[in-house]
Amino acid sequence: MFLLVTVLAGQIDEPRHRASFLNPVRHLTVLSGKDPASLALDASRQFYGRAPVVVIAADKDKPAQALGAGAATRLQAPLLMPGPGLSTELKRLRAEQVLVIGDAGATRIAVDRVEVPADSVTVDNAVATIVDGDVFEPVPVPESDTLVITRSTGADLVPLTNARNAGATVVELPGGDPRRDPRAAKILKARPDSPVVALGMDAPKFAYTLLAVRKASQQPGGGYFVFPGRTMVAFYGYPGSAALGALGEQGLKASIKRAKGKARAYKKLSRRPVIPTFEIIATVASSGAGKDKDYSSEAPLSLLRPWVEKATKSGMYVVLDLQPGRSDFLRQAKRYESLLAMPHVGLALDPEWRLTKHQKPLRQIGSVNVAEINRTAAWLAALTRKHALPQKLLILHQFQTRMIRDRGKLNNSHPELSILIHVDGQGTQPEKQSTWKTIHQGAPKGIFWGWKNFYDEDDPTLSVKKTWSKVKPRPEFISYQ
């Protein structure tokens, strides 16, 4: 995992009239300035140790900034803008002369200064005068393998000038996520040891997405994201128990074969990868309170681990399903941290079985406040980030609107997670279609969708072809129980 540290290397002693550059830090550094002026200061601190000449471009004046970039490049000088921290930075750089292009306003500049309008001829003449003077001494552009990531080379022209003058390579990443940009991902993957300086990115999120492309943390079937781009076809149940679903109707080897066979049937209809999947009930809501009084029976790791390991090694995806009873989702998820810390293992939360202290399984349909889901999602995202894992699938089961209270407040911003609502109601096909439409209404943006076919409870059970053609919008996750 990259360390998000912003300590710079020490200054390099150079002759009095020479600019000096800082050694690049050998990790990810995020420059967090919120505007061009503060980002320019950050970039100057990042790349420059000493600069006898400094160029200042007027704030909010694009022609002045463009001319400043050209002048700073010719002078091998930092390019800054008026604003808080400018005077302090000039002192740190030990600046002896400043070229101001455009109107610097009331900014205090306590060194020799030359002020010129944003006119190309006037700026060129001023630069020529500085070059011929006593302060400037040219230095070659240093060799550097540093990569600088920016959302926009236009908007970040001023800080990028400082980076380019230090020999850095600039990579434009408009969306801020290299997993979504094949060109940027290719560059970052091809240079896994190059230090990266990112401008204005969210540090934890970018650190994870950068690591994902550099480690090629891809999904079964390819790509960095769980969804979109693939369909998962799952068998649901508990190992060794036919009563709890199709997964437990046969042993491990036969279950893998059966899941792959069902996935092949869908692959005949799809142009996208179809991934065979297990959704394994890890905690089963039970009629008895048990020793811990939570009405939930937790499967031992020794039972689940062979199913998880053999399935993922065969190219499948595995989801661990929680029926917490009177416990809570986060507490139960942590019991299976060692399995969830493996790649291609996701988590499913089933609010039907999330009960209050006065409820019992099969007597009431449970529910959960979205705050508990958000806490569990944040923990799963942090675990994914900590172990530099591929993006994980988080499933939320729902067949009644009241099962997830305040669903509109669901936090779907974790880049480590792909969140899916699994509409797992049973009954006649008109009933199921009605539930499908109802649960879709008012859903948070960016959510994916799952559909469940019940072999015994549906009337009738949809065939593969009808599931593919009749369920609209087409689900990304199709399971069988």
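Guide: Let us begin with a definition: patches are made of residues with over 30% relative accessible area and no salt bridge, with like charges joined within 9 Å. A salt bridge is a side-chain nitrogen of Lys or Arg within 4 Å of a carboxyl oxygen of Asp or Glu. This is a predicted model, where local features need pLDDT of at least 70 and side-chain atom pairs count only at pLDDT 80 or more, while totals for chains, interfaces and linings use all residues. Residues are numbered from 1 along each chain as its sequence is written, and side-chain values use heavy atoms, leaving out hydrogens and water.

Visitor: Which residues gather in a patch of positive charge on the surface?

Guide: Lys and Arg count as positive, each placed at NZ of Lys or CZ of Arg. Here the patch brings together Lys-253, Lys-257, Arg-264, Lys-268 and Lys-465.

Visitor: Which helix gives the most to the positive patch?

Guide: Helices are DSSP runs of H or I with at least four residues, and strands are runs of E with at least two, numbered from the N terminus. Helix α8 (residues 252-267) gives the most, with three residues. Arg-264 lies in this helix α8.

Visitor: Is Arg-264 buried or exposed?

Guide: Buried means under 20% relative accessible area, exposed over 50%, and partly exposed in between, using a 1.4 Å probe and protein chains only. Arg-264 has a relative accessible area of 52%, so Arg-264 is exposed.

Visitor: How should I read phi and the peptide bonds?

Guide: Most residues other than glycine have a negative phi, and most peptide bonds are trans. In this model, Gln-76 has a positive phi near 50 degrees and sits in the loop between α2 (62-75) and β5 (79-80). Gln-76 is buried, at 8% relative accessible area. Arg-94 has a positive phi of about 55 degrees, in the loop between α3 (86-93) and β6 (97-101), and is partly exposed at 43%.

Visitor: Where is the cis peptide bond of Pro-460?

Guide: That cis bond joins Asp-459 and Pro-460, with omega about -5 degrees; Pro-460 is in the loop between β20 (448-453) and α14 (464-470). Another cis bond joins Phe-227 and Pro-228.

Visitor: What can be said of the overall fold?

Guide: The chain has 14 helices and 21 strands. Its radius of gyration, taken over C-alpha atoms, is 29 Å, well over the 23 Å that the globule rule gives for 481 residues, so the chain is more spread out than a compact globule. That rule is 2.2 Å times the number of residues to the power 0.38.

Notes:
Patches are made of residues with over 30% relative accessible area and no salt bridge: like charges are joined within 9 Å, nonpolar side chains (Val, Leu, Ile, Met, Phe, Trp, Tyr) within 5 Å. Accessible areas come from the Shrake-Rupley method with a 1.4 Å probe; for residues, only the protein chains shown count as cover.
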